[in-house]
Amino acid sequence: MNGHQAQTTPINPPQISQMFQKFALAFKTKTFEFFADEEDDDRRGINAADGFSLLDSTEDFITDQKVVVIKPDPLPNSSISSLNRASQDRTIDTQIADSFISSVFAAVSSFEASYLQLQTSHVPFVEESVKAADRALVSHLQRLYDLKRFYKEISKNPDSEIGLGLGSCWESQVQENQSKLRALGIVSNRLQEEIDDKDNQVPSLRKKLAEIQWANTKLSKKLSGNLNSACDVLLTVKVFDSLLHDACRATHTFSKILIGLMRKAGWDLGLVANSIYPDIDYAKEGHTRFAFLSYVCLGMFRGFDLEGFCLGGNEGNKGTCSLKQLLEHVSSNPMELLRDQDSDFSRFCEKKYQELIHPTMESSIFSNLDRNEVVLNSWRSLSIFYESFVSMASSVWTLHKLALSFDPVVEIFQVERGVEFSVVFMEDVTKRCNLPGQTKVKVGFTVVPGFKIGSTVIQCQVYLGGSQCKG
């Protein structure tokens, strides 16, 4: 402009030594400022990362800027000492707590061992041992009380030095383990004593067992002899004949009850007797009852020669087995035996009842009773009728078991109509035949069958037909 060229001063980039000098000065200050150029306030928005990138740039380095780092003030000596004291107090409190807990467990274990020792001293009772165990027990209780009192005092006054007498945690644990070992030793000794006791009882118990076995063998032999004696007594003609008379008496009783019910129901007994045995010339009107007796008796003895008694299959073996069943049956109540509907005797009663009393006959007898009497549904509803039938069935069942016990078994027979009367095999049921020598009498029907036991014959009872027999 004035013709002179303006003088220019070249700007040299800052040297590296000057940059380190500025950083060293910055670390000695107590304030920290990034890019604190008072002339350019808009540069305050630049972040720290940008600031560091600017510091690293040699081309865009800005002169006269201040970089300051904060240096923390040192803590006073009083604060350091208080922290050290608090840490030391916490360490002391932890040690006391550990020692206290270990002491409590050790005292409890010692008390448990002393209590077991006291129990052991009572069985067997040893006075000195009981006293010693009692003293130890009291001392351990006192120890627990002292620990309780210590806990209360240390809770009120944490700075108290009373806890120094607790001992170390390891000592308490050793004492606890020793007490547990002592308790286990006491229990082990007690169990060993019981084992020794049992071992001592073994020889005496073996001796008793041998004595019992010997006594059982003796009783078994005696019982076997009695059973053989019973067989000898039972398996006689006299016993069989006695049981046969019992069966006949029971059959007479049931037939009488049945005739009474039929008469009450309005049945014509003459027609019924004629339907059982047609064209029989009865000597008396009342002799029609023998037709009913024959119907019942022969019906009950039907199948007597079979081992299963018409029940299908075999009920058991012959001989001793049948005799055993006989003894079991006579020692029981027949009415109680019927409660088991699957038993052979119960099935026998049911089958024989169905053969004797047909449904039509049953309905006619029991439904036509007077209105003032109870209308019955079945034969089991009338106690007298029911009991008489069961008694008759029981007598026949017993006689059948006895017959199977004989060797050879008892044979049963009956006489057909029209056969000539023979005093060897037959007996007049009415006891009325004079039987002249020149007269021949024929059988009308069999009332009670006859039996043959070896060479012995028990006569069958028959009703004779014809005018030669006079009452």
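Ser109 is buried, with a relative accessible area of 7%; buried means under 20% relative accessible area, exposed over 50%, and partly exposed in between, with a 1.4 Å probe and protein chains only. The residue belongs to helix H3, residues 77-122. Apart from neighbours within four places in sequence, Ser109 is in contact with Glu176, Ser179 and Lys180, where contact means heavy atoms within 4.5 Å.

The model is predicted: local features need pLDDT of at least 70, side-chain atom pairs count only at pLDDT 80 or more, and totals for chains, interfaces and linings use all residues. Residues are numbered from 1 along each chain as its sequence is written, and side-chain values use heavy atoms, with hydrogens and water left out.

## The chain as a whole

The chain has 13 helices and 6 strands. Helices (H or I, at least four residues) and strands (E, at least two) are DSSP runs, numbered from the N terminus. Of the 471 residues in the chain, 31% are buried.

The chain exposes about 31,300 Å², and carbon and sulfur atoms supply 54% of this area. Accessible areas come from the Shrake-Rupley method with a 1.4 Å probe; for residues, only the protein chains shown count as cover. Among contacts with a separation of 6 or more, 71% are between residues 24 or more positions apart.

## Helices H6 and H13

Helix H6 (residues 237-264) and helix H13 (residues 383-405) have axes that come within 9 Å and cross at roughly 155°. H6 is therefore roughly antiparallel to H13. Angles under 35 degrees count as roughly parallel, over 145 as roughly antiparallel, 65 to 115 as roughly perpendicular and the rest as oblique. Axes are lines fitted to C-alpha atoms, for helices over the stretch in contact, and angles run from 0 to 180 degrees between N-to-C directions.

The crossing of H6 and H13 is left-handed; a crossing is left-handed if the near helix is turned anticlockwise from the far one by less than a right angle, and right-handed if clockwise. Residues of H6 in the contact include Val239, Phe240, Leu243 and Asp246, while those of H13 include Ile384, Phe385, Ser388 and Met392. By class, this contact of H6 with H13 has 18 nonpolar, 5 polar and 1 charged residues. Ala, Val, Leu, Ile, Met, Phe, Trp, Tyr, Cys and Pro count as nonpolar, Asp, Glu, Lys and Arg as charged, and the others, Gly among them, as polar.

Ser388 lies in H13 and is buried, at 9% relative accessibility. Leaving aside neighbours within four places in sequence, Ser388 is in contact with Phe254 and Ile257. The C-alpha atoms of Ser388 and Ser255 are separated by 9.3 Å, although these residues are 133 residues apart along the chain.

## Helix H8 and its partners

H6 also packs with H8, at an angle of about 125° and with the axes 9 Å apart. This angle makes H6 oblique to H8, and their crossing is right-handed. In this contact, residues of H6 including Leu244, Ala247 and Thr251 meet residues of H8 including Arg289, Phe292 and Leu293. The contact of H6 with H8 contains 11 nonpolar, 3 polar and 1 charged residues.

The axes of H7 and H8 come within 9 Å and cross at roughly 50°. H7 and H8 are therefore oblique to each other, and the crossing is left-handed. Leu269, Val272, Ala273 and Ile276 in H7 meet Thr288, Ala291, Phe292 and Tyr295 in H8. These residues divide into 7 nonpolar, 1 polar and no charged.

## Residues in loops

Asp279 is found in the loop between helix H7 (269-276) and helix H8 (288-301). With a relative accessibility of 67%, Asp279 counts as exposed. Its phi is near 55°, a positive value in a residue other than glycine. A cis peptide bond joins Asp407 and Pro408, with omega about 0°. Pro408 lies in the loop between H13 and strand S1 (411-413). Most residues other than glycine have a negative phi, and most peptide bonds are trans.

Phe309 occupies the loop between H8 and helix H9 (320-330). At 0% relative accessibility, Phe309 counts as buried. Phe309 and Asp344 are 35 residues apart in sequence, and their C-alpha atoms are 9.9 Å apart in space.
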